[in-house]
Amino acid sequence: MNNIITQEILSAFREGDHKAFEIIFLTYYNRVKFLIYSFTKSNTDAEDITEELFANLWANHTTVNLNKSFHSYLHTVAYNAAINFLKHKLVHQAYVSCNLDQRYSPSSEDEMICKVSITWNLTEKTPVCIDDK
């Protein structure tokens, strides 16, 4: 398969042509998944993020800028999706860790409002729990 996406294909994609989207998907899916995998180190997460990325790409096909490099655009979107996933995962892990470390039984109000702040330990680059009490 030709690995070059032409302006005609991009124009058709922007106009909502499903065949053009299929060509873009088949051309870039593995590249995007590999880039995301290089950050997540999880094939399942990379597949999920890649599929969501392409679903969002299709949902927003009318906003694709035809005057800029589509390859660069897709690379940036994939990079940002991977970084956002990792940030979310890290915050989630820190939150769970903080809640497991609590020495008291939380009240229902405590359950509804998170009273644990998460910050970065800059020397170790790991999340640290700080109780606001």
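**Entry 1: the loop between α2 and α3**

I began with the loop between α2 and α3, where Lys41 is found; helices here are DSSP runs of H or I with at least four residues, strands are runs of E with at least two, and both are numbered from the N terminus. I noted that Lys41, although not a glycine, has a positive phi of about 60°. Most residues other than glycine have a negative phi. I then looked up its accessibility and found 59% relative accessibility, so Lys41 counts as exposed, where exposed means over 50% relative accessible area, buried under 20% and partly exposed in between, with a 1.4 Å probe and protein chains only.

For the record, this is a predicted model, in which local features need pLDDT of at least 70 and side-chain atom pairs count only at pLDDT 80 or more, while totals for chains, interfaces and linings use all residues. Residues are numbered from 1 along each chain as its sequence is written, and side-chain values use heavy atoms, with hydrogens and water left out.

**Entry 2: the chain as a whole**

I listed five helices and two strands in the chain, and from the N terminus on I read their order as α-α-α-α-α-β-β. Buried residues make up 25% of the 133 residues. I also looked at contacts (heavy atoms within 4.5 Å), and among those between residues at least 6 apart in sequence, 52% join residues at least 24 apart.

**Entry 3: α2 against α3**

Two packed helices are described by the angle between their axes and the distance between the axes. For α2 and α3 I noted an angle of about 145° and axes 8 Å apart, the axes being lines fitted to C-alpha atoms over the stretch in contact, with angles from 0 to 180 degrees between N-to-C directions. On the α2 side the contact includes Phe21, Ile24, Lys33 and Tyr37, and on the α3 side it includes Asp45, Glu47, Phe54 and Leu57. I sorted the residues of this contact into 14 nonpolar, four polar and four charged, where Ala, Val, Leu, Ile, Met, Phe, Trp, Tyr, Cys and Pro count as nonpolar, Asp, Glu, Lys and Arg as charged, and the others, Gly among them, as polar.

**Entry 4: the nonpolar core**

I next looked up the largest nonpolar core, which has 22 residues, with Ile24, Phe54 and Leu57 making the most contacts inside it; such a core is a set of buried Ala, Val, Leu, Ile, Met, Phe, Trp, Tyr and Cys residues joined through side-chain atoms within 4.5 Å. Helices α1 (7-14), α2, α3 and α4 each supply at least two residues of this core, and α2 gives the most, with eight. Setting aside neighbours within four places in sequence, I found Ile24 in contact with residues including Ile5, Phe13, Phe54, Leu57 and Phe70.

**Entry 5: the salt bridges**

I found two salt bridges in the structure, each defined as a side-chain nitrogen of Lys or Arg within 4 Å of a carboxyl oxygen of Asp or Glu. In one, Lys33 pairs with Glu47, the closest N and O atoms being 3.3 Å apart; Lys33 is in helix α2 (residues 18-40) and Glu47 in helix α3 (residues 43-59), 14 residues apart. Lys33 counts as buried because its relative accessibility is 18%, whereas Glu47, at 28%, counts as partly exposed.

Asp45 and Lys89 meet in a salt bridge at 4.0 Å, N to O. Asp45 lies in helix α3 and Lys89 in helix α4 (residues 70-101), so this pair ties together parts that are 44 residues apart in sequence. I recorded Asp45 as buried at 18% relative accessibility and Lys89 as partly exposed at 32%.
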